[in-house]
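Please open the model in a viewer and keep a selection panel at hand. The stops below are arranged so that each selection leads to the next.

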Amino acid sequence: MRLRCKDTYLSLDHVAVMGVLNVTPDSFSDGGLWLDADEAIAHALEMVDHGASIIDVGGESTRPGADPVSEDEELQRVIPVVEGIRARTPAPISIDTRKPSVAERAVAAGATIINDTLGEAGDEAMDDLAAKTGAAIVVMHSRGSPATMRELTDYDDLVVDVREWLSRRADRLLEAGVTRDAICLDPGYGFAKDPAQNLVLLRRLEEIVELGYPVLVGTSRKSFIGKTLDLPEDQRIEGTAATAAWAITRGAHILRVHDVEPIVRTVRMLEAITEA
Ligand code: HH2
């Protein structure tokens, strides 16, 4: 399998690791660490050295309760970083945003993947942008906004509801003119799901993989891991690695993580076993 990212293809024959780069003061686990553009770019290059195949740049926290950021502020945070990474490595850059205008500027600056975290709040402008530019698009399930999503956890059958939403979302993208090989689906761990629901959504991940599109899993350091193990954000690497290993055996294609080096080792070890 492969993901079309404008005029290049990212091979997904091996599981790809997407390194998280939050250029924000308030992200839940690395807020404030990479606000300086030069330091952010250096961190991106380090993640590529450690085996990341994609760098995901975000300028607005999506954690429950996060304050929204203006378009200007978000652009000031992410565009110099996208340009700086683009100038130094061919690794695909994804832009993690809820604003089509930010995605558009980031794609013009060199991003080739749109990481659309709007979920059910969706904006057709994202679809049109993906169709027009040929950028890949990750569609992630979520409900409401960071301010409201904690209350929006009632589902008939969580996994069936998420699967059906992702399937309909992919159909809408195809109708908008996005090619099938440019679409990636994400169940949206931590977004409008309580801790127990996140575990179920992982256990039944195959039901999402069965849709036939590449699947991205973003569990890194999330609070359901913290709740399960009773550990703070900076002690969730092993819990994250367990979710990564599980997701790989269930057929996930891309893992979005903060701790690239240990997760790349986890992926390589898992793949060595499955290929033996
Ligand atoms: N999770 C976060 C942000 N963006 N994108 C996708 N596709 N999937 C995810 O699971 C996902 C995402 C939240 O994590 P993080 O970026 O570390 O935190 P914050 O939103 O506080 O910046």
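Select the lining of the second largest pocket: by class, this lining has seven nonpolar, three polar and one charged residues. Here Ala, Val, Leu, Ile, Met, Phe, Trp, Tyr, Cys and Pro count as nonpolar, Asp, Glu, Lys and Arg as charged, and the others, Gly among them, as polar. The model is predicted: local features need pLDDT of at least 70 and side-chain atom pairs count only at pLDDT 80 or more, while totals for chains, interfaces and linings use all residues. Residues are numbered from 1 along each chain as its sequence is written, and side-chain values use heavy atoms, with hydrogens and water left out.

The second largest pocket has a volume of about 180 Å³. On a 1 Å grid over the protein atoms alone, a pocket is an open set of points where a 1.4 Å probe fits, with protein on both sides within 12 Å along at least five of seven lines; lining residues have an atom within 4 Å of a point. Grid points are joined across faces, edges and corners, and a volume is the space filled by probe spheres set on the points. At least two lining residues of this pocket come from each of α6, α8 and α9 (237-249). Helices (H or I, at least four residues) and strands (E, at least two) are DSSP runs, numbered from the N terminus.

Next, show the largest pocket, with a volume of about 640 Å³. Among its 37 lining residues, Phe 28, Arg 63, Pro 64, Gly 190 and Lys 222 are the closest to its centre. Two or more lining residues are given by α6 (195-203) and by α8 (223-229), and the largest share, three residues, comes from α8. By class, this lining has ten nonpolar, 14 polar and 13 charged residues.

Now select α9 together with helix α10 (residues 260-275). Their axes come within 10 Å and cross at roughly 35 degrees; axes are lines fitted to C-alpha atoms, for helices over the stretch in contact, and angles run from 0 to 180 degrees between N-to-C directions. On the α9 side, the contact (heavy atoms within 4.5 Å) is made by Ile 237, Thr 240, Ala 241, Ala 244, Ala 245, Ile 248 and Thr 249, and on the α10 side by Pro 262, Ile 263, Thr 266, Val 267 and Leu 270. This contact has nine nonpolar, three polar and no charged residues.

Move to Val 57 in strand β4 (residues 54-58). Val 57 is buried, at a relative accessible area of 0%; buried means under 20%, exposed over 50% and partly exposed in between (1.4 Å probe, protein chains only). Beyond four places in sequence, its contacts include Leu 21, Val 23, Val 78 and Ile 93. The C-alpha atoms of Val 57 and Ile 93 are separated by 7.1 Å, although the two are 36 residues apart along the chain.

From there, select Arg 77 in helix α2 (residues 71-88). Arg 77 is buried, with a relative accessible area of 13%, and touches Val 23, Thr 24, Pro 25, Gly 59 and Val 69, not counting residues up to four places away in sequence.

Finish with backbone angles. Most residues other than glycine have a negative phi. Arg 221, in the loop between β9 (216-217) and α8, has a positive phi of about 60 degrees and is buried at 14%. Lys 6, in the loop between β1 (2-5) and β2 (8-11), has a phi near 55 degrees and is partly exposed at 29% relative accessibility.
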